[in-house]
Amino acid sequence: MLDSNFFRYTAAKLHCDKVSLEELAATFGTPLFVTSRRSLIESCQTFEHAFKELPHFTCYSVKANFNLAVIGTLAELGCGCDVNSAGELYRALQAGVAAEKIIFAGVGKRADEIVYALESGVLMLKAESLSELQAINRIAGELGQRAAVAIRINPNVTAETHPYITTGDSKEKFGIDEAELPEVFSLLASLPHIKLVGLDMHIGSQIFDPEYYVAATMKLLAMFKASRALGFAIEFLDIGGGFPVTYDPLKPATPIEQFAEKLIPMLQPLGVKVIFEPGRYLVANASVLLTRILYKKSNHTKKQFFVVDAGMTELIRPALYQSHHEVQSVTFHEESIVADVVGPICESSDFFARQRSIGAAEEGELLAVMSSGAYAAVMGSNYNGRLRPAEVMVDGSEVRLIRKRETLEQLVQNELL
Ligand code: PLP
């Protein structure tokens, strides 16, 4: 069971803050994402406290959870945003984040996205190739602007994490290789509509060992020195996101303070502003996916299944990355059974847990899939004609609907017969 200050049993019923998950399911239906606002605030404050000695700016990586209320809560705490597309930029602006607190990333930005970012007045764009630098220069020229740009460097550090979420290895598509930098610097000298203001990296996600950050930051620092020697006035060093969270109580995440301990002494003497782009760290454990058990069944091997009303269309991480999510019965049961928790989608990979010991709940009862705040709703889909679920935010005993459940009409609204 995941130890959480925000999702706890009171009188044998799982609550989010002071609100019973059973009541939320009765009011809003299932599947339902339930987010604790206080959990978001606590994660953000813990992060900020760890890095308080370092002049820095935290840009929440919106891709982890782009609900406007989630972005808005983090923005109220002072965060800017890291966005990866026109859609995410639009969302951040709609959530009330000032454009000058937004950085625009992405390995394949379209021209219209570059125009949108420049016209919005974002703090900077992060460029990931020589061709992209040329495109930004041309578009900025057409708009009569000088674009503030950071170069995303590929530090060629292979962080130990799931292969689909490692990004700082030179065999991956991300960033510009170290070896290409001299060419980048000479190109920049010929691009009048670009102002190089930063260097950036992001080595992957769910990285438990701070040494990977140390190794990559050393490379970033070498490039920082080289670019300063060439006369570029670098104001920002962006270390990216990737800080870990606990999904499985048997594999507790390295505390953020251990990352700060290593990084602060390396970065503080430089006199630049450091940018962090945490996504998962801020939001993963702030939400659960609440789902109802439709059927219990067992097969000829006596294997037990809980068939629930949520599936990979709401939370694809187990199918995509074999990720672990704790699953808890909403009513506390002394007895437990070993079962697979599976969804209704026509794919064998549609599961939340396999052969897991879970409270012996009956059909019609609720289960909570824990740690569903990051890379969950945002990766949702309409596969199998599924409707995107509702989302609520809880703050103490207050509940706010932050996303309406999709309707059948909305499912076909953009289609023409
Ligand atoms: N920054 C960049 C460029 C990313 O690609 C990602 C995730 O893919 C993040 C930040 C956020 O990573 P995390 O959610 O692991 O903190």
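Biologist: Hi! Is Cys81 buried or exposed?
Modeller: Hello! This is a predicted model, and in it Cys81 counts as buried because its relative accessibility is 1%, under the 20% cut-off.

Biologist: And how many disulfides are there?
Modeller: The count comes to 0 disulfides. Cys81 is in none, as the nearest cysteine sulfur belongs to Cys59 and is 7.2 Å away. A pair of cysteine sulfur atoms would have to lie within 2.5 Å to count.

Biologist: What about Cys346, buried or exposed?
Modeller: Cys346 is exposed, because its relative accessible area is 60% and the cut-off is over 50%.

Biologist: Switching to the ligand: which residues come nearest?
Modeller: There are 13 residues around the ligand, and those that come nearest are Ser205, Gly242, Glu277, Arg280 and Tyr375. The shell divides into 2 nonpolar, 6 polar and 5 charged residues.

Biologist: What is 2.3 Å from an oxygen atom of the ligand?
Modeller: That is an N or O atom in the side chain of Ser205. Backbone N or O atoms also sit by ligand oxygen: one of Gly279 at 2.9 Å, and one of Arg280 at 2.8 Å.

Biologist: How much of the ligand does the protein bury?
Modeller: The protein buries 91% of the 390 Å² that the ligand exposes when taken alone.

Biologist: One more, then. Where does Ser372 lie?
Modeller: Ser372 is in the loop between β19 (366-369) and β20 (390-395). With a relative accessible area of 2%, Ser372 is buried.

Biologist: Which residues is Ser372 in contact with?
Modeller: Leaving aside neighbours within four places in sequence, Ser372 is in contact with Phe33, Ala284, Ser287, Val288, Leu289, Leu315 and His325.

Definitions and conventions:
Residues numbered from 1 in each chain as written. Predicted model: local features only at pLDDT ≥ 70, side-chain atom pairs only at ≥ 80, totals over all residues. Heavy atoms only, no water. Helix = DSSP H or I, 4+ residues; strand = E, 2+ residues; numbered from the N terminus. Buried < 20%, exposed > 50% of the residue type's maximum accessible area, 1.4 Å probe, protein only. Contact = heavy atoms within 4.5 Å. Near = heavy atom within 4 Å. Polar contact = N/O pair within 3.5 Å; in protein donor to acceptor, adjacent residues only side chain to side chain. Areas by Shrake-Rupley, 256 points an atom, 1.4 Å probe, with all protein chains shown as cover. Nonpolar A, V, L, I, M, F, W, Y, C, P; charged D, E, K, R; others polar.
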